[in-house]
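Okay, thanks for coming, everyone. Let me put the model up and walk you through a few parts of the fold.

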Amino acid sequence: MSKPDIHADDYALTLNTSRDMLACMRKGRLDSISVVPNMGCFEECMELLCGEIPKLPFLPLLSVHLDFVEGRSLAGRERTPDLTKPDSDLMGLGWGGLFAASYLLHKRKKIKAQLKCEIKAQLAKAQGAIKKCMEIADENGIPSGQKGLRIDSHQHAHMIPVVWEAVLEVVREEGYTLEYIRNSKEPLGVFLTDVSLYKTYRPVNFVKNRLLSLYSHRADRYCKATGMKQMYLWGLVMSGRMDQGRIERLYGKMKRKAERDGRTLEILFHPGITLPEEVTPEIAKEAADDFYTRKDRHVEMEAVLGVKW
């Protein structure tokens, strides 16, 4: 297997998050990033990236980080009333609500229709900005390997059945050429091989790993049917603290597992930290306190800059 794909989520979540990620890009340490399209700072963050592209060693692959759990509805509350908070265009249904909608027949059709409106709006906005980045890279002779649309999502919400169906229907109806969609499939066995690390994992992350694994099979089938390379994701069990020490202890095992199974390996980081003053109503306070503003994000940034692959 070739070098893994070193990926960072949450570009354009906040301005400082984006600046931290740009510091990693300047060092050529990120192979790909995900761009959040529905935050108020999106335009400013993309202008910042566009200004940096001529100085980068290469342009990372750019994925649309679809967001249905935070930020604002780009389609507008009138078209997404069940996805947003009362009397607001802030996203409000959440991961649990989307999960429930997949199994409540009286809600599923309505929620999927609204999701499609929102997905169309987010893809259009993000892809317009991404194409501009690709054009700037081309004009300045900066290498870029991207050709088509790449999709993942905030909190892996695209793996939820009703969301997955809505995403693929929009891709087909809008005529996008999809070159990548994340399969949040993480091999659990690797983490169980080192007993000394057991207490360093958060139990809730094992639940996340198992739940997303249940939905990974449809992603595998889709990738196989469309000729995409099947993948493993590393970044669930250690989510919130992808630190250099544990990565270096487990990397060889994870790499060999991917090689044996004929899969590519994407290693997911969140190397950007949100400043307390950047926490607006667009961002869930619990997520900000537990994750976005914590120093652990700098631990992940140090790992991105320090691990030798």
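So, how many bridges join strand β1 to strand β2? There are 3 of them, linking β1 (residues 5–11) with β2 (residues 32–35), and the two run parallel. His7, for instance, sits opposite Ser32 in β2.

Quick housekeeping: this is a predicted model, where local features need pLDDT of at least 70, side-chain atom pairs count only at pLDDT 80 or more, and totals for chains, interfaces and linings use all residues. Residues are numbered from 1 along each chain as its sequence is written, and side-chain values use heavy atoms, with hydrogens and water left out. Helices (H or I, at least four residues) and strands (E, at least two) are DSSP runs numbered from the N terminus, and two strands pair if DSSP finds at least two bridges between them.

Now the whole sheet. It's open, with 7 strands in the order β5-β4-β3-β2-β1-β7-β6 and parallel pairing. β5 (178–181) and β6 (231–234) are at the edges with a single partner strand each, so one side of each has no neighbour in the sheet. On average, neighbouring strands are turned by 30° against each other, direction ignored.

Let's stay with β6. Its pairing with β7 (residues 264–269) is parallel, over 4 bridges, and Trp234 has Ile267 in β7 as its bridge partner. In a regular strand, side chains alternate between the two faces of the sheet. In β6 both faces are covered: Met231 and Leu233 on one side, Tyr232 and Trp234 on the other, all buried (under 20% relative accessible area, with exposed over 50% and partly exposed in between, using a 1.4 Å probe and protein chains only).

On to the helices. α2 (residues 42–52) lies across β1, β2 and β3 (61–66), at about 140° to β1; axes are lines fitted to C-alpha atoms, for helices over the stretch in contact, and angles run from 0 to 180 degrees between N-to-C directions. α2 and α4 pack at about 15°, axes 10 Å apart. That makes them roughly parallel, the label for angles under 35 degrees. Among the residues that meet there are Phe42 and Met46 in α2 and Ala129 and Ile136 in α4, where contact means heavy atoms within 4.5 Å.

Last stop: Pro37, in the loop between β2 and α2. Is Pro37 buried or exposed? Buried, because its relative accessibility is 0%. Leaving aside neighbours within four places in sequence, its contacts include Phe42, Val64, Leu74 and Lys125.

Technical notes. Parallel < 35°, antiparallel > 145°, perpendicular 65-115°, else oblique.
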